[in-house]
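Hello,

Here is the structure you are taking over. Please open it next to this message and follow along as you read.

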Amino acid sequence: MNCGLIPSIIFAGLCLNTLAEEAPKEVGATMEARGKASSAYWDQKRIAQREYRKRISELILKADKIEVFLLDFSMPETEESPVTGIETFPMVPYQTETRIIKKKWRFNRLI
């Protein structure tokens with residue numbers, strides 16, 4: 001019988017038991033840190049979006065004219081190129097395009 005095997009098994013069992021006892025604390029701390037990081041990310045994203053919308057509205061107010069599009073969001077997603085003769089508007093975040101139903105120029109009367 002190999003006597004070196006028994007102490008190795010006992011040591012391995014002790015190590016596994018120690019890891020099992022510490023794991024919930026580490027997992028809990030990791031999950032809490034991840035939750036805080038996620039919360040901070042979404043908070044900062046909302047702040048950035050708010051600042052972006054504010055700056056865009058300032059640009060629109062300064063413009064002498066703007067072009068407004070009425071878009072068709074019900075277009076089916078296809079991998080094919082759009083049909084010729086139909087004007088489309090790029091939906092960059094979704095990597096697709098949508099049909100422009102109507103275009104209208106608006107003139108700023110405040111300037």
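**What was found**

Tyr52 is found in helix α1, which covers residues 5-62. Please keep in mind that this is a predicted model.

**The chain as a whole**

The chain has one helix and three strands. Read from the N terminus, the elements come in the order α-β-β-β. Of the 111 residues in the chain, 5% are buried. The accessible surface of the chain is about 10,400 Å², and carbon and sulfur atoms account for 61% of that surface. If you take the contacts between residues at least 6 apart in sequence, 62% of them join residues at least 24 apart.

**The helix**

Back to Tyr52: this residue is exposed, because its relative accessible area is 55% and the cut-off for exposed is over 50%. Together with Ile56, Leu59 and Ile60, Tyr52 makes a nonpolar surface patch of about 400 Å².

The closest N and O atoms of Lys36 and Glu32 are 3.4 Å apart, and the two residues form a salt bridge. Lys36 is exposed at a relative accessible area of 55%, while Glu32 is partly exposed at 48%.

**The sheet**

In what order do the three strands stand in the sheet? The order is β1-β3-β2, the sheet is open, and the pairing is antiparallel. β1 (65-72) and β2 (88-91) stand at the edges with a single partner strand each, so one side of each has no neighbour in the sheet. On average, neighbouring strands of this sheet are turned by 50 degrees against each other, direction ignored. As background, strands of a sheet pair through backbone hydrogen bonds, either parallel or antiparallel.

β1 and β3 (residues 96-107) are joined by eight bridges and run antiparallel. In this pair, Ile66 stands opposite Arg106 of β3. β2 and β3 also run antiparallel, with four bridges between them. Here Met91 stands opposite Thr96 of β3. The hairpin of β2 and β3 has four residues between the strands, and Gln95 takes a positive phi near 55 degrees there.

**Two residues in the strands**

Trp105 lies in strand β3. Is Trp105 exposed, partly exposed or buried? Trp105 is partly exposed, with a relative accessible area of 45%. Not counting residues up to four places away in sequence, Trp105 touches Lys65, Ile66 and Glu67. Trp105 and Glu67 are 38 residues apart in sequence, yet their C-alpha atoms are 4.5 Å apart in space.

Asp72 lies in strand β1. Asp72 counts as buried because its relative accessibility is 13%, and buried means under 20%. Leaving aside neighbours within four places in sequence, Asp72 is in contact with Thr98, Arg99 and Ile101.

**Salt bridges**

How many salt bridges does a search of the whole structure find? The search finds six.

Another joins Glu67 to Lys103, with the closest N and O atoms 3.8 Å apart. This pair links distant parts of the chain, with Glu67 in strand β1 and Lys103 in strand β3, 36 residues apart. Both residues count as partly exposed: Glu67 has 31% relative accessibility and Lys103 has 39%.

Lys103 also forms a salt bridge with Glu87, and here the closest N and O atoms are 2.8 Å apart. This pair too links distant parts of the chain, since Lys103 is in strand β3 and Glu87 is in the loop between β1 and β2, 16 residues apart. Glu87 is partly exposed, with a relative accessible area of 44%.

Regards

Conventions: Residues are numbered from 1 along each chain as its sequence is written. This is a predicted model: local features need pLDDT of at least 70, side-chain atom pairs count only at pLDDT 80 or more; totals for chains, interfaces and linings use all residues. Side-chain values use heavy atoms; hydrogens and water are left out. Two strands pair if DSSP finds at least two bridges between them. Axes are lines fitted to C-alpha atoms, for helices over the stretch in contact, and angles run from 0 to 180 degrees between N-to-C directions. Patches are made of residues with over 30% relative accessible area and no salt bridge: like charges are joined within 9 Å, nonpolar side chains (Val, Leu, Ile, Met, Phe, Trp, Tyr) within 5 Å. Accessible areas come from the Shrake-Rupley method with a 1.4 Å probe; for residues, only the protein chains shown count as cover. A salt bridge is a side-chain nitrogen of Lys or Arg within 4 Å of a carboxyl oxygen of Asp or Glu. Buried means under 20% relative accessible area, exposed over 50%, partly exposed in between (1.4 Å probe, protein chains only). Contact means heavy atoms within 4.5 Å.
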